[in-house]
Structures are given as structure tokens and as C-alpha cells.
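Trainee: I would like to learn how to read a model of this kind with some care, one feature at a time. Could you take me through it?

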Amino acid sequence: FIWPKRNLPLGFFLAQTEVFIFMTEEQKFFFDLKGWIVIPAVLSTNEIEAMKREVYDGARNSYAGRLQELLDHPSIVGILTEILSESSFVGDESYSFRCEGSFTTIRPPGWSKLARGDMGLPHVVRPPQRANAMRYQVAGNKIFSGLTRVVWELETVQSGQGGTSFLSGSHKAHFSYGGPSEQQPNIGGSPWENEMRAAMEDYSCPAGSVLIFTESLLHAANDWTNPDNPRCAVFNCYNSIWAQWHRLNLEHHQVESMTTKRQSLFRGTWAIGGEPGGNRFYSENNRTL
């Protein structure tokens, strides 16, 4: 679901020095309904150009340079706090969720999904009915999105021309996709594959927009057929402070140069014990591996 460009409500997040955008009730409704939302035109022209330059110059992730600002951009902090955190871990000195991966992509006009290992097959972090720490769930009027992907589109995306596509609502599926195995986290081999592909949705958005989706949602890469520009995007992944899907392989010196609060995105994966108040701060001895 794509929001029109408009002024969203701002809020002060504990310390009055940080302004972030609250997740609206409308966004919660559509995120829960579909499993994904797009917020258009978040970044300024100067930010877009600086960040694009870094990607085109070879940046492979968002752990340094101007791209680092995307890790905890004010437009996503409120949303990630809403869908990944528990209130007891929300504070003004550390984040209540973790970042566990980042990569960039450039897909020129004519790029084929066959270049991927999965060849663009719609996939998911867990099959239907498989209860694990990465699954999407709602309880007590609270969303927990499990493994969550944030995609920064640094070039224009046109619907039907190569953006990520989704089988909206499949993050809450309770029945098998019809493939040869209930354990299979994709739709390969399903007799309904064509029907599921036909039901998938995508989006249009200007450069500088942000896409947020739960990885419990069936999603797929597509051929980039937009003749006007490549797809230049940054894919960051987030999770709760006590669950991990990806092996991060991020060196201590890469985190050391970040602000203290941004460093907390890369602390170790545990919740209780150790330092007073639980796991809140990053250190060389408390980092995600």
C-alpha cells in the first residue's frame, strides 16, 4: 500500500533531540492486511544523489558513508519500533530492534531475474503453518513482524517494470502453497504457481522512497524492464534483539565509527541477563556475529 506524499504526524521519541515519524493507524492496518507498505519521497534530492553516488561507486552495503544514515533514518525508526520491539526495551540511548544485514543492488535495463540463485521464484522466510521466531504475528493489538526488510529505492520504480512483487496477505497464510513439501519456503512445484504469480502486486514510487515488508510474506524479484533508469536500491534487514536469521559478518572497526545509538543496532542477540537492564548496548564483546 502506497501513501500519497503528505505530511505525516511527527513525534518526539523520549529524548527531545530526536524527531521520528510515528506509524499511523492507517499504516498499521494496511501493513497487517497486506504485509508491506511504501512511503514515497522520504529522502531529499541531495540525499538521493549522495547515496546513489556511493552505490554506483561500489558501496556494497549501508554501513559507511552517507548510506549509513539509512540504517536508522527517522522515517523508519518509529515503524520498526512499532513492529519489532517490546516497550521495556524502548529507550533514548539504544534502539529496541537490531539490524542484521545490508546489501545494495544495481539492476540496469534488461537485467534478468535469472541472474539470481532463486531465478525470481516467489519465496518466504518460513512456509505456512511453520511457527518460528521469524514468523509474523499479532497479539494484544501489537504487531510483531519477525524478520523485516527495508528497501530504499534510490531511482524511480514503475509498476510492472521490475520492482519487488508480493503475494499480499500471504504472511498470514495457514495452508500449504500446494508444492511437493510443506517445509518448502517457496512456491516451486505448486500446481497453483501461475495463479499465485498472477495475484502478486507491486508498486510505483519516486526516487528516495522506502519499502517495508515482513519476510513472512511471499515476495519475488522481477526482470528490470524500465528503460529510463536502472534499479539502484539498498536492502537492509531488521529483527528483534533476541532473534537472528542472517550471519552478519560485520567487523568491529566498521561499527566503532558509528554513533553510540546506531552501534546498538549491531549488539549481540540476546535479551536477558548480563548488564543491568538487559541487552541494550554494543561493544566488541557484545556484537552480532
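Trainee: How many helices and strands are there in the protein chain?

Mentor: This is a predicted model, and in the protein chain there are six helices and eleven strands.

Trainee: What radius of gyration does the protein chain have, and what would a compact globule with 289 residues have?

Mentor: The protein chain has a radius of gyration of 19 Å, which agrees with the value near 19 Å for a compact globule with 289 residues. Taken along the principal axes, the C-alpha atoms fill a box of roughly 55 × 40 × 35 Å, and buried residues make up 52% of the chain.

Trainee: Which residues touch the most other members of the largest nonpolar core?

Mentor: The general idea is that in soluble globular proteins nonpolar side chains tend to be buried together. Here the largest nonpolar core has 39 residues, of which Tyr238 and Phe266 touch the most other members. Among the elements that give two or more residues to this core are the helices α2 (45–56) and α3 (74–84), together with strands including β3 (36–39), β9 (209–214) and β11 (231–239). The element that gives the most is α3, with six residues.

Trainee: Why is α3 described as largely enclosed by the rest of the structure?

Mentor: A residue counts as buried when its relative accessible area is under 20%. Nine of the eleven residues of α3 are buried, so this helix is largely enclosed by the rest of the structure. The buried residues of α3 include Ile76, Val77, Ile79 and Leu80, and also Ser75, Gly78 and Thr81.

Trainee: How many disulfides does the count come to?

Mentor: The sulfur atoms of a pair have to lie within 2.5 Å, and by this rule the count comes to zero. For Cys205, the nearest cysteine sulfur is that of Cys232, 12 Å away, and Cys205 is buried, with a relative accessible area of 5%. For Cys237, the nearest cysteine sulfur is that of Cys99, 7.6 Å away, and Cys237 counts as buried at 0% relative accessibility.

Trainee: How many residues line the largest pocket, and which of them lie nearest its centre?

Mentor: The largest pocket is lined by 18 residues, and those that lie nearest its centre are Arg116, His123, Arg149, Glu215 and His219. About 270 Å³ of space lies in this pocket. By class, its lining has nine nonpolar, four polar and five charged residues, while β4 (98–107), β10 (219–220) and β11 each supply at least two residues of that lining.

How values were computed. Residues numbered from 1 in each chain as written. Predicted model: local features only at pLDDT ≥ 70, side-chain atom pairs only at ≥ 80, totals over all residues. Heavy atoms only, no water. Core = buried A, V, L, I, M, F, W, Y, C linked by side-chain atoms within 4.5 Å. Buried < 20%, exposed > 50% of the residue type's maximum accessible area, 1.4 Å probe, protein only. Helix = DSSP H or I, 4+ residues; strand = E, 2+ residues; numbered from the N terminus. 1 Å grid on protein atoms, 1.4 Å probe; cavity = no way out; pocket = protein on both sides within 12 Å on 5 of 7 lines; lining within 4 Å. Points joined across faces, edges and corners; volume = space filled by probe spheres on them. Nonpolar A, V, L, I, M, F, W, Y, C, P; charged D, E, K, R; others polar. Rg over C-alpha atoms; globule rule 2.2 N^0.38 Å.
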